[in-house]
Amino acid sequence: MRFILSILLWLVPLQSLEASPWEKISSPSTGKSESIGTYNNGCLAGGEDLALQGDGYQVMRSHRGRYFGHQSMIQFLHALSNGVRQLELGQLLVGDIAMPRGGRFSSGHASHQTGLDADIWLKLTDSPLSQQQLIDVQPLPMVHIKDYKIHQENWGEEQAMLVQLAAVDERVARIFVHPVIKEQLCKREWTDRAWLRKVRPWWGHYYHFHVRLHCPDGNKNCKPQKAPPAGDGCGAELASWKPKPEPAKNKKKVAKIKKKPPRPPEQCLVLLRK
């Protein structure tokens, strides 16, 4: 029996057995908001929680405790939901932001560690969802993944305006969307196309978009990401994301070596001990 148990434990990915210490913290630290480190190796001091429901928005799957962010992010989300309400686009559904003190997740995200990242669904509802619906709400795919084309029945004017509304905010550094969604935005006639530079193609973002804010003023320990390339990103760069025909696969599987996560900044280790 002990031998069988040892085999089963070996088969389970190590990551699923190890809870991140940040996931065990249930409350933010005191003091003003400060993002520390990089988006994928950092933490959040003085985080604020986003009220689970407000004018024009709702937080989904709140039981996971991922609705904390830097004050700048919380203010941004309120401003975005107000804009969505004024334009009558529908109800905004907010996904993961960060844990109470930010930090590394055991699964689900590599970033979202400094309170400056947030996932916003492209699914817009006509009216607020019930508490039960918010727990197990299902995504609305905007892309036919295998065919690499837009889902015409789901993608529309509202979704395009939602992404634009978020991108024109000066606090926003980047927005990640599926390459096919970026392609749809590029095809549209916009009076001002400068904001398209912020919209970056990235796999996986086919039913939501990922907003990333700049390091807030005064947060000297926050490490910014390099600015996106010049231009709207709608030419050769976007074309390079289109999948190429795959060569015949070698059936021999090569084991992937899992990299050890980098050591967090010292200020983050202090937050863990408070």
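The disulfide between C215 and C222 is left-handed, because the torsion about its S-S bond is about -75 degrees. The S to S distance here is 2.1 Å, and a disulfide is counted when a pair of cysteine sulfur atoms lies within 2.5 Å. C215 counts as buried at 18% relative accessibility, and C222 is buried too, with a relative accessible area of 7%. For reference, buried means under 20% relative accessible area, exposed means over 50%, and partly exposed is in between, using a 1.4 Å probe and protein chains only.

A word on what you're looking at: this is a predicted model, in which local features need pLDDT of at least 70, side-chain atom pairs count only at pLDDT 80 or more, and totals for chains, interfaces and linings use all residues. Residues are numbered from 1 along each chain as its sequence is written, and side-chain values use heavy atoms, with hydrogens and water left out.

Back to the cysteines. The count comes to 3 disulfides. Number the bonded cysteines along the chain and the pattern reads 1-6, 2-5, 3-4. Another of these bonds joins C186 and C234, with the sulfur atoms 2.0 Å apart. That link is left-handed as well, with -80 degrees about the S-S bond. The pair links distant parts of the chain, 48 residues apart: C186 sits in helix α6, while C234 is in the loop between β13 and α7 (236-239). Helices (H or I, at least four residues) and strands (E, at least two) are DSSP runs, numbered from the N terminus. C186 counts as buried at 13% relative accessibility, whereas C234 is partly exposed, with a relative accessible area of 21%.

Then there's C43 with C268, sulfur atoms 2.1 Å apart. The torsion about this S-S bond is about -90 degrees, so the disulfide is left-handed. C43 lies in strand β2 (residues 41-45) and C268 in helix α8 (residues 266-273), so the pair ties together parts that are 225 residues apart in sequence. Both C43 and C268 are buried.

Follow C268 into its helix. The buried residues of α8 are C268, L269 and L271. Looking down the axis of α8, these buried residues fall within an arc of 155 degrees, so they line one face of the helix; the arc is taken from the directions from the helix axis to the C-beta atoms. What do the buried residues of α8 pack against? They pack against β1 (34-38) and β2, where contact means heavy atoms within 4.5 Å.

Now for the nonpolar interior. A nonpolar core is a set of buried Ala, Val, Leu, Ile, Met, Phe, Trp, Tyr and Cys residues joined through side-chain atoms within 4.5 Å. The largest one has 47 residues, and L185 and F209 have the most contacts inside it. Among the elements that give two or more residues to this core are β5 (57-59), β8 (117-121), α5 (157-167), β11 (172-177) and β13 (208-213). Helix α3 gives the most, with 6 residues. A second, separate core of 9 residues includes W22, I36, M99 and F105. Setting aside residues up to four places away in sequence, F209 touches A118, D119, I120, L122, L162, V163, A166, I175, F176 and V177.

F176 turns up again among the aromatics: together with Y148, W202, W203 and W241, it forms one aromatic cluster. Rings of Phe, Tyr and Trp (its six-membered ring) pair if their centres lie within 6.5 Å; planes under 30 degrees apart count as stacked, over 60 as edge-to-face and the rest as tilted. The count comes to 8 aromatic pairs. One of them, Y67 with F68, is stacked, at 4.8 Å centre to centre and 20 degrees between the planes. Both Y67 and F68 are buried. In contrast, Y206 and Y207 have ring centres 5.0 Å apart and planes at 80 degrees, so that pair is edge-to-face. Y206 is partly exposed, with a relative accessible area of 27%.

One more ring is worth a look: the charged end of R212 sits over the ring of Y39, 4.3 Å from its centre. That label requires NZ of Lys or CZ of Arg to be within 6 Å of the ring centre and within 35 degrees of the ring normal.
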